[in-house]
Amino acid sequence: MNKIIAIGIAALCMTTATAMGQTKTIKLRVIETSDVHGYFFPYDFSEGKPVQGSLARANTYIKKVRETYGDNLVLIDNGDILQGQPLSYWSNYVASDEPNIAAQVVNYMNYDAETFGNHDVETGHAVYDKWIQDVKCPMLGANIIDTKTGRPYVLPYTIIVRDGVKIAVLGLLTPTIPSWLNESLWKGLAFEEMVKSARQWMKYIKEVEHADLVLGLFHSGREGGITTDDGIEEDASERVAREVPGFDIIFFGHDHRQYNGWVNNSEGKQVLMLDPSCFAANVADAQIEMTYERGLLVKKEIKGDIVSVRNEPIDEAMMAHFQPLVDRVKAYVERRIGHFETTARTRDSYFGNSSFTDFIHNMQLKISGADISMNAPLSFDTQIKAGDITVGDMFKLYRYENQLYVLNLTGEEVRKHLEESYDRWVNTMSSPNDHLLLLSPRNQGDQQRMGFQNFTFNFDSAAGIDYEVDVTKPNGKKVRILRMSNGEPFDEKKTYRVVMNSYRGNGGGELLTKGAGIAKEELDKRIIYQSPLDLRHYLMEEIERMDNVNPQPNHNWRFVPEEWTKPAAERDRKLIFDE
């Protein structure tokens, strides 16, 4: 889609670009990657198999563009690059004294700018402060504020000059970090609302820099996400595009949703918005033509594409450069830690008790000594096969570097927490022919299948209590807790020790705040235990101690009435997973 932006003669200003003759046209390309999550190489270290996409394939595409555009290619990354694959964990916490692999790859590929993602903050100061130093390109985050100085913790923007064209790139991060992460991970930082920060720095860029082209690089989704009690939005990229005039293109991410579209800003000008989604399967690619007459900018022509790199040839030179490191990580993730007697799959978790989710529940209870466990499937559809399990399998069992928290919750808050979870998870059935689950169409490659309306990592179930979920009841009235699983009565007025991951314990997903009704500022007072290391570490220790593991479902909860829910579950399972 092309959009020609005519610039009125009265508004024209001098530019650093010069022309030998009357007219000069300069062609630029800007390529963005976002939410790479450790997919640097075309190999899944947890699954132990090749994958499509990855930065090693993206770099082949980037190199081809560089052959034509040379220095007129600008390469930018939008964060969430430190977390995901076991490779990232190894670099962050095992070989942490070496240059971070994320920085090594960014430097190798000659990126021009980088922003923070929320999962980068999740790694903690020790990791991301070192990463900032390891990366050679500017690190951006205008709304990440150092509370000691009141100034941005990293650069708010950077200026890139290509063929005389002055390009400003302004970086922003979703400001709802405190809704998910404990303050210990971002101590000394604050996160400003995005529109406010963008407006402040756009004014400065216009008055001081007089850039010819202004790009946004935002780790925040287009719209939606959570909104805090004080009105802070998780996903505000489109709102910035509309309300802060001056941007030509906004490259964004975080929501893992591919997007290519235009929006009108408050001055009636159009802004291109591009989101390549995640895991280095695509890149966002903007083609720009800048036309100057006697040194004055008179026209911009902008076009945007989302380009798949899933099947690009692998950059063999890049792989050869990093092969020694890849071999070290493979040796780490292939180490045997135990044996599973049966296969455990996350897909079973959506239809009732499952050996996958309940294994984590039982480990959380055992490790913490809590009364009740809350846990959700963190991967939409993965499995650990029967047989020997390795370090790499632990990243399928538990995807994120969350800590283990124990909170004091009343029985009523436990029930309301679960009500909020199941309201996002299951339909209210009015007939036996209805869906059991809340479903919507979703794209899967070239095919469209049914998927969930909401994120599955917020589908908490519980262990330590026996309960029923009556899908004929309205939202907020579905969960009926029968007893503690040890046979003791369950009391809504009693206080229980409830174990969960740190994402949930800090308010992530709003199951504790919106659901249980606990004020965000009160959550810290409820936390009675925080593990010093991540939950995956303790799960791995426990499996190594047990050696032989036979995960089984707990059978402590069920959907009712079963004469409706069992046939509906079979129908929905076929729609989602074709089985």
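Tyr39 is buried in this predicted model, at 16% relative accessibility, where buried means under 20% relative accessible area, exposed over 50% and partly exposed in between, with a 1.4 Å probe and protein chains only. Its position is in the loop between β2 (23–33) and β3 (43–44); helices (H or I, at least four residues) and strands (E, at least two) are DSSP runs, numbered from the N terminus. As the model is predicted, local features need pLDDT of at least 70 and side-chain atom pairs count only at pLDDT 80 or more, whereas totals for chains, interfaces and linings use all residues. Residues are numbered from 1 along each chain as its sequence is written, and side-chain values use heavy atoms, with hydrogens and water left out.

The structure holds 35 aromatic pairs. Rings of Phe, Tyr and Trp (its six-membered ring) are paired if their centres lie within 6.5 Å; planes under 30 degrees apart count as stacked, over 60 as edge-to-face and the rest as tilted. The pair of Tyr39 and Phe279 is tilted, because the planes stand at 40 degrees, with the ring centres 5.0 Å apart. Phe279 lies in the loop between β15 (270–275) and β16 (282–293), and the pair links parts of the chain 240 residues apart. Phe279 is partly exposed, at 25% relative accessibility.

An edge-to-face pair is formed by Phe116 and Trp131, with 5.3 Å from centre to centre and 80 degrees between the planes. Phe116 is located in the loop between β6 (113–115) and α4 (118–121) and Trp131 in helix α5 (residues 125–134), so parts 15 residues apart in sequence are tied together. Phe116 is buried at 2% relative accessibility, and Trp131 is buried at 0%. One aromatic cluster consists of Tyr350, Phe380, Tyr422, Trp425, Phe452, Phe459, Tyr467, Trp557, Phe559 and Phe577.

Charged groups also sit over rings, a contact that requires NZ of Lys or CZ of Arg within 6 Å of the ring centre and within 35 degrees of the ring normal. The charged end of Lys330 is placed over the ring of Tyr43, 4.1 Å from its centre. For Arg536, the charged end sits over the ring of Tyr89, at 4.9 Å from the centre.

Side chains of opposite charge can pair when their charged atoms come close. A total of 45 salt bridges is found in the structure, each defined as a side-chain nitrogen of Lys or Arg within 4 Å of a carboxyl oxygen of Asp or Glu. In the salt bridge between Lys64 and Glu312, the closest N and O atoms are 3.1 Å apart. This pair links distant parts of the chain, Lys64 being in helix α1 (residues 55–69) and Glu312 in the loop between β17 (296–308) and α8 (316–333), 248 residues apart. Lys64 is partly exposed at 41% relative accessibility, whereas Glu312 is buried at 12%.

Asp248 and Lys300 form a salt bridge with the closest N and O atoms 3.0 Å apart. Asp248 lies in the loop between α7 (237–243) and β13 (249–252), and Lys300 in strand β17, 52 residues apart. Asp248 is buried, with a relative accessible area of 7%, and Lys300 is buried with 8%.

A salt bridge of 2.9 Å, N to O, joins the side chains of Arg504 and Asp460. Arg504 belongs to helix α12 (residues 502–505) and Asp460 to the loop between β25 (447–452) and β26 (461–463), 44 residues apart. Both Arg504 and Asp460 are buried. Through salt bridges that share partners, Arg345, Arg347, Asp348, Asp381, Arg573 and Glu579 are joined into one network.
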